[in-house]
Amino acid sequence: MTPVRNPAIPGTPRDRTGTAGILRKAVAEINSRFRLLQSDVLAIFARIPVYAANDVGDITLYGLTPEQMQAISSELMAAVERWIASGRDPAHSLWWSTYDQQAMQLGAAQSAANLSNLSASYAASRSLEQIIYSTPYKTRLGMAQIRSSEYWTGLATAQKTELAQIIGRAVVDGKNPKAVRTEIMGRIGVGRARAAQYAQTDITNTLRESRQAEADYAETELGIKLGLLWTSALLPTTRHWHASRNGKVYTTAQVKEFYSVNGNRFRCHCAQTECLLDAAGNPILTKKLKATMANELAAWKKANSD
């Protein structure tokens, strides 16, 4: 009797997708870019002439004409484009693309290793190199990078508008410079938090899309009957309807549907791993793996019960 081969589940219950390393690098770069953006914006604000200022007074008089305010608006746009939308210079344009590339390639590598272990026919006919040099893979990567570029461009535009409004109101209202600097730093901090949230969502989503596509290829082109074993990220912040899927098996269509509604793809750390199905469509998993995943979920429920 052929022994049952379990799917290779990457990461840990706290990092089901195995993307923690990519995310750490991404967040570190985001933090660096927003620190530099803050430095640039505070420098722009500091260049506005002040005729009378008193850190404890009610009114500050700024010497700023409408034309100068327009110039400041242009400087702000250049700053946010430099650090958020495009990069430090043309050679670093689309700076986020490398993270999409790493996430998609990691997903392809995970699928190739797992499917090669599960299926001799897959191992004999498919390699990671074939995946990443294929036209469908390149198309998916391009679409992911376009999606990200649109997000960062939108975030940059919103950040510029918010910062311009803060400075414009400060000039009109005669707001204390110290208070304005605090407001600028606070608004940039909000933008940094948004960026970090997007980073986590985009990286895990790109990896999942890569794995779904390879599962579809193995089924359609190689005739391997597969399902996707859901491995929930059992964190204190995990939504209960995400955690409840731990150990269950779905089709790629069902997974895509789940992530298309109710904001499920946002801040989700769950993963799906290819597993073999028998002739009746039931997942081929060892009793030990099933018990492990059931125990994981029970422990999470106990630790996170109201």
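# Helix packing, aromatic pairs and loops

Residues are numbered from 1 along each chain as its sequence is written, and side-chain values use heavy atoms, with hydrogens and water left out. As the model is predicted, local features need a pLDDT of at least 70 and side-chain atom pairs count only at pLDDT 80 or more, while totals for chains, interfaces and linings use all residues. Helices (H or I, at least four residues) and strands (E, at least two) are DSSP runs, numbered from the N terminus.

**Confidence**

- The average pLDDT of the chain, which is the predictor's confidence in each residue on a scale from 0 to 100, is 91, and 94% of the residues score at least 70.
- Over residues 88-92 the pLDDT stays under 50, and for this stretch the model has five contacts (heavy atoms within 4.5 Å) beyond four places in sequence.

**How α3 and α7 meet**

- Helix α3, residues 97-118, packs against α7 at an angle of about 40°, with the two axes 8 Å apart; the axes are lines fitted to C-alpha atoms, for helices over the stretch in contact, and angles run from 0 to 180 degrees between N-to-C directions.
- On the α3 side, the residues that meet α7 include D100, A103, M104, G107 and N114, and among their partners in α7 are D202, T206, S210, R211 and A218.
- A218, in helix α7, has a relative accessibility of 0% and therefore counts as buried, where buried means under 20% relative accessible area, exposed over 50% and partly exposed in between (1.4 Å probe, protein chains only).
- Not counting residues up to four places away in sequence, A218 touches L115, Y122, G223, I224 and L226, whereas its C-alpha atom is separated by 26 Å from that of H242, 24 residues apart along the chain.

**Aromatic rings**

- The structure holds 13 aromatic pairs; rings of Phe, Tyr and Trp (its six-membered ring) pair if their centres lie within 6.5 Å, and planes under 30 degrees apart count as stacked, over 60 as edge-to-face and the rest as tilted.
- W152 and Y198 form an edge-to-face pair, with 5.5 Å from centre to centre and 85° between the planes.
- This pair links distant parts of the chain, with W152 in helix α6 (residues 135-173) and Y198 in helix α7 (residues 177-222), 46 residues apart, and both W152 and Y198 are buried.
- The rings of W230 and Y259 have their centres 5.7 Å apart and their planes at 15°, so this pair is stacked.
- W230 is buried with a relative accessible area of 0%, and Y259 is buried with a value of 7%.
- One aromatic cluster is formed by W95, W96, Y99, Y151, W152 and Y198.

**Charges over rings**

- The charged end of R33 sits over the ring of W95, 4.2 Å from its centre; this description requires NZ of Lys or CZ of Arg to be within 6 Å of the ring centre and within 35 degrees of the ring normal.
- R245 lies over the face of W230, at 4.8 Å from the ring centre.

**Loops and contacts across the chain**

- N262 is found in the loop between α9 (252-259) and β5 (271-276), and although N262 is not a glycine, it has a positive phi of about 55°.
- With 68% relative accessibility, N262 counts as exposed.
- R267 lies in the loop between α9 and β5, and R267 has a positive phi of about 60° although it is not a glycine.
- T201, in helix α7, is buried with a relative accessible area of 3%, and, leaving aside neighbours within four places in sequence, T201 is in contact with R265, F266 and R267.
- D15 lies in the segment before α1 (20-46), and although D15 and C270 are 255 residues apart in sequence, their C-alpha atoms are 8.0 Å apart in space.
- G63, in the loop between β2 (61-62) and α2 (66-85), is buried with a relative accessible area of 9%.
- Not counting residues up to four places away in sequence, G63 touches P49, Y51 and Q68, and the C-alpha atoms of G63 and P49 are 5.0 Å apart.
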